[in-house]
Amino acid sequence: MDVYHKVLSKLYEATGGKDSATTDLKDLVKSQGFLGSYNDIFQMLSGQGWIAETSKLNFVKITHWGVTEAKKTGGDQPDTAQILKKEAARIASETKQFLILLEEFTSNTSKENFAQLERKFNEINSAIGKLKTSIE
């Protein structure tokens with residue numbers, strides 16, 4: 001994917017694909033490490049009709065054509081890093097629940113509490129396995 005499409009995809013994510021939302025394009029380009037090419041990127045995206053200027057300096061809106069282009073190039077797909085972060089956060093949450101169940105088991109060592117503990121452990125183990133395959 002070229003620089004223009006990367007920026008367009010990030011713009012699509014930032015606006016949620018809504019042509020009514022405005023975003024500071026200069027900040028977005030800077031966050032992607034392309035600040036030195038800001039003028040070229042702006043000219044290209046604007047020239048293609050993918051963005052529209054607003055009255056606020058450096059703020060733009062993604063156009064219908066920009067949304068279409070972003071979708072065509074995969075802008076509507078979350079990137080791998082986002083997916084991994086989301087999965088890791090879910091595992092962290094499940095682990096917190098596991099610790100609560102472990103404390104409950106410590107105070108009451110019943111079969112039911114152990115079964116809940118074991119079930120949660122297996123869920124965490126499975127989620128870690130999925131995360132591992134996503135990384136490899």
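The model is a predicted one, in which local features need pLDDT of at least 70 and side-chain atom pairs count only at pLDDT 80 or more, while totals for chains, interfaces and linings use all residues. Residues are numbered from 1 along each chain as its sequence is written, and side-chain values use heavy atoms, with hydrogens and water left out. Helices (H or I, at least four residues) and strands (E, at least two) are DSSP runs, numbered from the N terminus.

Helix packing comes first. Two packed helices are described by the angle between their axes and the distance between the axes. Here the axes are lines fitted to C-alpha atoms, for helices over the stretch in contact, and the angles run from 0 to 180 degrees between N-to-C directions. Angles under 35 degrees count as roughly parallel, over 145 as roughly antiparallel, 65 to 115 as roughly perpendicular and the rest as oblique.

Take α1 and α3 to begin with: their axes are 10 Å apart and the packing angle is about 75°, so the two helices are roughly perpendicular to each other. On the α1 side, the contact (heavy atoms within 4.5 Å) is made by Val3, Tyr4, Val7 and Leu8, and on the α3 side by Asp40, Ile41, Met44 and Leu45. Sorted by class, that gives seven nonpolar residues, no polar ones and one charged. For these classes, Ala, Val, Leu, Ile, Met, Phe, Trp, Tyr, Cys and Pro count as nonpolar, Asp, Glu, Lys and Arg as charged, and the others, Gly among them, as polar.

Helix α1 also packs on α4, where the axes come within 9 Å and cross at roughly 110°. That makes this pair roughly perpendicular too. His5, Leu8 and Tyr12 of α1 meet Gly66, Val67, Glu69, Ala70 and Lys71 of α4. The class count for this contact is four nonpolar, two polar and two charged residues.

The pair α5 (residues 80-107) and α6 (residues 111-135) packs at about 160°, with the axes 9 Å apart. These two helices are therefore roughly antiparallel. Their crossing is left-handed, a label used if the near helix is turned anticlockwise from the far one by less than a right angle, with right-handed used if clockwise. The contact of α5 with α6 has 14 nonpolar, five polar and six charged residues.

Next, the cores. In soluble globular proteins, nonpolar side chains tend to be buried together. A nonpolar core is taken as a set of buried Ala, Val, Leu, Ile, Met, Phe, Trp, Tyr and Cys residues joined through side-chain atoms within 4.5 Å. Buried means under 20% relative accessible area, exposed over 50%, and partly exposed in between (1.4 Å probe, protein chains only). The largest core has 17 residues, and Val7, Leu25, Leu45 and Ile51 touch the most other members. At least two residues of this core come from each of α1, α2 (25-31), α3 (38-47), β3 and α4 (64-72). With neighbours within four places in sequence set aside, Ile51 is in contact with Leu11, Leu25, Phe42, Leu45, Ser46, Val60, Lys61, Ile62 and Thr63. There is also a second, separate core of seven residues, including Ile91, Phe98, Leu117 and Ala127.

Alanine 14 sits in α1 (residues 3-15) and is partly exposed at 48% relative accessibility. Lysine 10, another α1 residue, is partly exposed at 24%.

Alanine 52 belongs to strand β2 and is partly exposed, at 29%. Leaving out residues up to four places away in sequence, alanine 52 touches Val60, Lys61 and Thr63. By contrast, 62 Å separates the C-alpha atoms of alanine 52 and serine 107, which are 55 residues apart along the chain. Finally, asparagine 58 is found in the loop between β2 (51-53) and β3 (59-62). Its phi is near 70°, a positive value in a residue other than glycine, and asparagine 58 is partly exposed at 22%.
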